[in-house]
Amino acid sequence: MIKISDMSFGYRKKNLLFNNLNLSLSAGNIYGLLGKNGAGKTTLLKLISGLLYPHNGSCSLGEEKTIARNTDLLKEIFFLPENSFLPAVKTHEYLEIYTPFYPKFNKEKFFQYLKDLEIETNGKITNLSYGQKKKFSVAFALAAETKVILLDEPTNGLDIPAKSVFRKLVASSINEEKIFVISTHQVRDMKHLIDPIIILDNGEVIFNQQIAEIERKLSLRLQREEPEENEALYYENTLGGYAILSENHDGEDNDIDIELLFNAVVAKNEKVKTLFNTGVTV
Amino acid sequence: MKRQFEIKRFLRTFWRELALNKINILIMIASLTFISLLMNLISQRPSLPKLGRYGIDGFPIVALIYCVIIVSSSFSELNFSDRKIDFLMLPSTTFEKYIVKFIYTTVGFILLSISSVGLSAIIIEIYHYLFPSGTLFRKLLHSYYYYNYNTDRIFQNYIMFHSIFFFGGIYFRKLELGKTFLAAIGIMAALGIYLSVLNVLPFFENVSTPFDMMNVSMQINENADLSLKSWSKIIELNRTVKDVVILCIYNILPIFLWTLGFIRLQENEVSDGV
């Protein structure tokens, strides 16, 4: 379990990005970390991985603070940045260099992932295209079998079939011991994968809910006419009508659009908070 | 201690460094060998007798220039966001990462220089074997006599330059070579000015050991005239100061800068802007 307690951090001490942030991330989940540009998603991933030192508070993995950055911790945290470094070596050399550092690394799985993502393993890694490098890094991150896998914009640069394969691979990798945190703007790529959803805005966690709870509380419908103000929690003009997010009164199952949810949470934060905290009609 | 240093982990980190830099190492050996051969060639030109002397003696200077460039860029991965994350997230301690870089730039570089010299000597010997006499190149190419070098002095200089540029490589972000060079010049200039000021103060009496320097203010003789005796004292003092400065520069400074570099690297691990 990752526990962030009263954590404050800012790149400038006078201008804090996070102020007394509290967040708990439990094993067995694939957290989707959403937020606008500059909301602090990547910074939060770096704080979790111990790459940044908080001014106050702490972030712990189990009993250990991640900032300790001891090797036992580093073996259990894999942070894949948006642009990851790959050296000018061949695949087997890369494995020879890096796999000894990750004792649970599974080579069979790695090559299976590469096969699933349609990556050739003959030449130098640096000869691969941007998207192929991304696939390679994702395959390595998943095969490292670390307890914590932090992925920053993992689907950027992936082609359409690869995005689907990525979802399958991540879904098949998760187990009761692992925590995935995926920071992304590509929410449609993450549909049916991320759960719970965490939304950051101005350095605050403004939303942190499981999909089941979201679907229990909210419903999505499409209609031609513009809804009344009190009829919808949030709505957007779409092709041929309006996409409306409103309270789920009848408890029916429905498929929530994460993009619409994100916009609703950011635009009508207080209303959403009230609904989820108290369950009362807004 | 085991948490800070473990031999298996250290060897993995060592292997990673070697595997990632093997092309650079080969390029360095090739270019140093080439320069070594070139200097040999130039040094043997009869029309350039002075250059000849410098040609042979100059190889350590070339190696030193190489050292400065390599050492100052030994932590260059900290300047690039992606490489920095790869370096910092590697499951190995800061101490192990530091020691690996240290060994590569000290023992590794010395071995690399010896390899280059050895390789150039072998090439020359092969050439002589293939073209025993009478050719133009036979006159131009001669084996080096490296054993004539003052290796202690070379080693001392190497260690001093290594410590300065190794620290600069960790401390400065981007243009670390230039910044370290400027900082070193600045410090040397300040030291030079300080020593020059000492030179023109002919008021010292009974100052003969470095420890007496601490009591200079107590021993100023306001009525002293510039005499032969006082000049000899000044010369003696200058020698003492020079000895102290050399002692500091060659022995204390490297240890100080290496330690400071390690502390700085630890700070760097958790600095902002990763």
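What percentage of the 274 residues in chain B is made up of buried residues? Buried residues account for 41% of them. Keep in mind as you read that this is a predicted model.

**Chain B as a whole**

- Chain B has nine helices and zero strands.
- Of the contacts in chain B with a separation of 6 or more, 74% are between residues 24 or more positions apart.
- The accessible surface of chain B is about 15,900 Å², and carbon and sulfur atoms hold 70% of that surface.

**Where chain B meets chain A**

- Chain B brings 26 residues to the contact, and chain A brings 30 residues.
- About 2,500 Å² of area is buried between chain B and chain A, with 64% of it coming from carbon and sulfur atoms.
- There is one salt bridge between chain B and chain A. Its partners are A:Glu93 and B:Lys22, whose closest N and O atoms are 2.6 Å apart.
- Six residue pairs are in polar contact across the interface of chain B and chain A, with both residues at pLDDT 80 or more.
- On the side of chain B that touches chain A, the elements giving two or more residues are helix H1 (7-43) and helix H4 (81-88) of chain B. The largest share, eight residues, comes from H1(B).
- By residue type, the side of chain B that touches chain A divides into ten nonpolar, five polar and eleven charged residues.

- Over all chains, the structure holds 19 salt bridges.
- One salt bridge pairs B:Arg16 with B:Asp86, and their closest N and O atoms lie 2.8 Å apart.
- B:Arg16 sits in helix H1 of chain B and B:Asp86 in helix H4 of chain B, so this pair ties together parts that are 70 residues apart in sequence.
- Are B:Arg16 and B:Asp86 buried or exposed? B:Arg16 has a relative accessible area of 2%, so it is buried. B:Asp86 has 15% relative accessibility and also counts as buried.
- B:Arg16 and B:Asp86 belong to one network of salt bridges that share partners, together with B:Glu17, B:Glu77 and B:Lys101.

**Salt bridges within chain A**

- A:Lys178 and A:Glu145 form a salt bridge through their side chains, at 3.0 Å from N to O.
- This pair links distant parts of the chain, 33 residues apart. A:Lys178 is in the loop between H6 and strand S8 (179-183) of chain A, while A:Glu145 is in the loop between helix H5 (130-143) and strand S7 (148-152) of chain A.
- Both A:Lys178 and A:Glu145 are buried.
- Another salt bridge brings together the side chains of A:Glu259 and A:Arg188, at 3.2 Å from N to O.
- Why does this pair tie together parts that are 71 residues apart in sequence? The reason is that A:Glu259 lies in helix H8 (residues 258-267) of chain A, whereas A:Arg188 lies in the loop between S8 and strand S9 (197-201) of chain A.
- A:Glu259 has 32% relative accessibility, so it counts as partly exposed. A:Arg188 has 52% relative accessibility, so it counts as exposed.

- Look for B:Ser72 in helix H3 (residues 59-72) of chain B. B:Ser72 is buried, because its relative accessible area is 2%.
- The side chain of B:Ser72 reaches the backbone oxygen of B:Val68 at 2.8 Å.
- Not counting residues up to four places away in sequence, B:Ser72 touches B:Cys67, B:Phe165, B:Gly169, B:Glu176 and B:Leu177.
- Next, find A:Lys168 in helix H6 (residues 160-173) of chain A. A:Lys168 counts as exposed, because its relative accessibility is 58%.
- A:Lys168 and A:Tyr94 are 74 residues apart along the chain, and 25 Å separates their C-alpha atoms.

Definitions and conventions:
Residues numbered from 1 in each chain as written. Chains lettered and ligands numbered in written order. Heavy atoms only, no water. Helix = DSSP H or I, 4+ residues; strand = E, 2+ residues; numbered from the N terminus. Buried < 20%, exposed > 50% of the residue type's maximum accessible area, 1.4 Å probe, protein only. Contact = heavy atoms within 4.5 Å. Areas by Shrake-Rupley, 256 points an atom, 1.4 Å probe, with all protein chains shown as cover. Buried area = accessible area lost by both parts, 1.4 Å probe. Salt bridge = Lys/Arg side-chain N within 4 Å of Asp/Glu carboxyl O. Polar contact = N/O pair within 3.5 Å; in protein donor to acceptor, adjacent residues only side chain to side chain. Nonpolar A, V, L, I, M, F, W, Y, C, P; charged D, E, K, R; others polar.
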